[in-house]
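Please open the structure in your viewer and keep the selection tool at hand.

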Amino acid sequence: LDTTKPIQVVEGPIESLLFDNCIAVGGADFTRLDKEHTRMIFDNERRNYEVLKQIEKTIDLGYKIVLWSDDLKEKDINDMIISGKTKEEVQTIINNNSYQGNMAKIRFTTWRRRNA
């Protein structure tokens with residue numbers, strides 16, 4: 001992990017192996033990570049109350065977060081790779097769906113209400 005470069009944080013350890021400078025939280029406390037250079041990537045589980053609660057907390061703490069596009073059907077990065085998306089395609093999806101601050105709050109309000 002190179003702390004001088006942007007860090008991506010995912011839920012699962014296997015997913016963390018797919019990207020450069022990426023770590024898995026695995027339920028650990030991530031609140032000590034630099035907010036300016038860290039992007040949190042939760043699974044695409046809009047109906048999971050615990051995930052929603054964690055996403056909201058992460059937004060309130062000021063971290064950059066990925067809120068997946070409405071047309072994405074896969075529930076996590078691993079499923080995206082299995083479905084045939086390349087690492088580069090997934091990284092582009094992540095980059096295009098990253099939000100922070102008020103934009104994250106606005107997007108989260110509509111994102112959580114959409115059926116996945």
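Please note that the model is a predicted one.

**The whole chain**

Now select the entire protein chain and colour it by secondary structure. The chain contains 5 helices and 5 strands, and their order along the sequence is β-α-β-β-α-β-α-α-β-α. Turn the model slowly: along its principal axes, the C-alpha trace spans about 35 × 35 × 25 Å. A compact globule of 116 residues would have a radius of gyration near 13 Å, and the protein chain agrees with this because its own value is 13 Å.

Next, display the surface. The accessible surface amounts to about 6,800 Å², and 50% of it belongs to carbon and sulfur atoms. Of the 116 residues, 40% count as buried. Among contacts between residues at least 6 apart in sequence, 65% join residues at least 24 apart.

Select the charged side chains as well. There are 18 positive and 19 negative side chains, and the centres of these two sets lie 5 Å apart.

**The nonpolar core**

In soluble globular proteins, nonpolar side chains tend to be buried together. Which residues touch the most other members of the largest nonpolar core? Select Ile55, Ile65, Trp68, Ile77 and Ile94, which hold that position in a core of 27 residues. At least two residues of this core come from each of strand 1 (7-10), strand 3 (38-41), helix 2 (49-60), strand 4 (64-66), helix 3 (77-82), helix 4 (87-96) and helix 5 (101-111). Helix 2 contributes the most, with 4 residues.

Now centre the view on isoleucine 77. Leaving aside neighbours within four places in sequence, isoleucine 77 is in contact with Val10, Glu15, Leu18, Phe19, Ile41, Trp68, Val90 and Ile94.

Move to isoleucine 93, which lies in helix 4. Is isoleucine 93 buried or exposed? Its relative accessible area is 17%, so isoleucine 93 is buried, the cut-off being under 20%. Apart from residues up to four places away in sequence, isoleucine 93 touches Trp68 and Lys85. Then draw a distance from isoleucine 93 to lysine 35: the two are 58 residues apart in sequence and 21 Å apart in space, C-alpha to C-alpha.

Select lysine 57 in helix 2. This residue is partly exposed, because its relative accessible area is 44%.

Return to asparagine 97. Its relative accessibility is 9%, and therefore asparagine 97 counts as buried. Not counting residues up to four places away in sequence, asparagine 97 touches Ile65, Val66, Leu67, Trp68 and Ser69.

Finally, select asparagine 21, in the loop between helix 1 (13-16) and strand 2 (22-24). Asparagine 21 counts as buried because its relative accessibility is 17%. What is the phi of asparagine 21? The angle is near 55°, a positive value in a residue other than glycine.

Terms used. Residues numbered from 1 in each chain as written. Predicted model: local features only at pLDDT ≥ 70, side-chain atom pairs only at ≥ 80, totals over all residues. Heavy atoms only, no water. Rg over C-alpha atoms; globule rule 2.2 N^0.38 Å. Buried < 20%, exposed > 50% of the residue type's maximum accessible area, 1.4 Å probe, protein only. Contact = heavy atoms within 4.5 Å. Areas by Shrake-Rupley, 256 points an atom, 1.4 Å probe, with all protein chains shown as cover. Lys, Arg positive; Asp, Glu negative; His and termini not counted. Charge placed at Lys NZ, Arg CZ, Asp CG, Glu CD. Core = buried A, V, L, I, M, F, W, Y, C linked by side-chain atoms within 4.5 Å.
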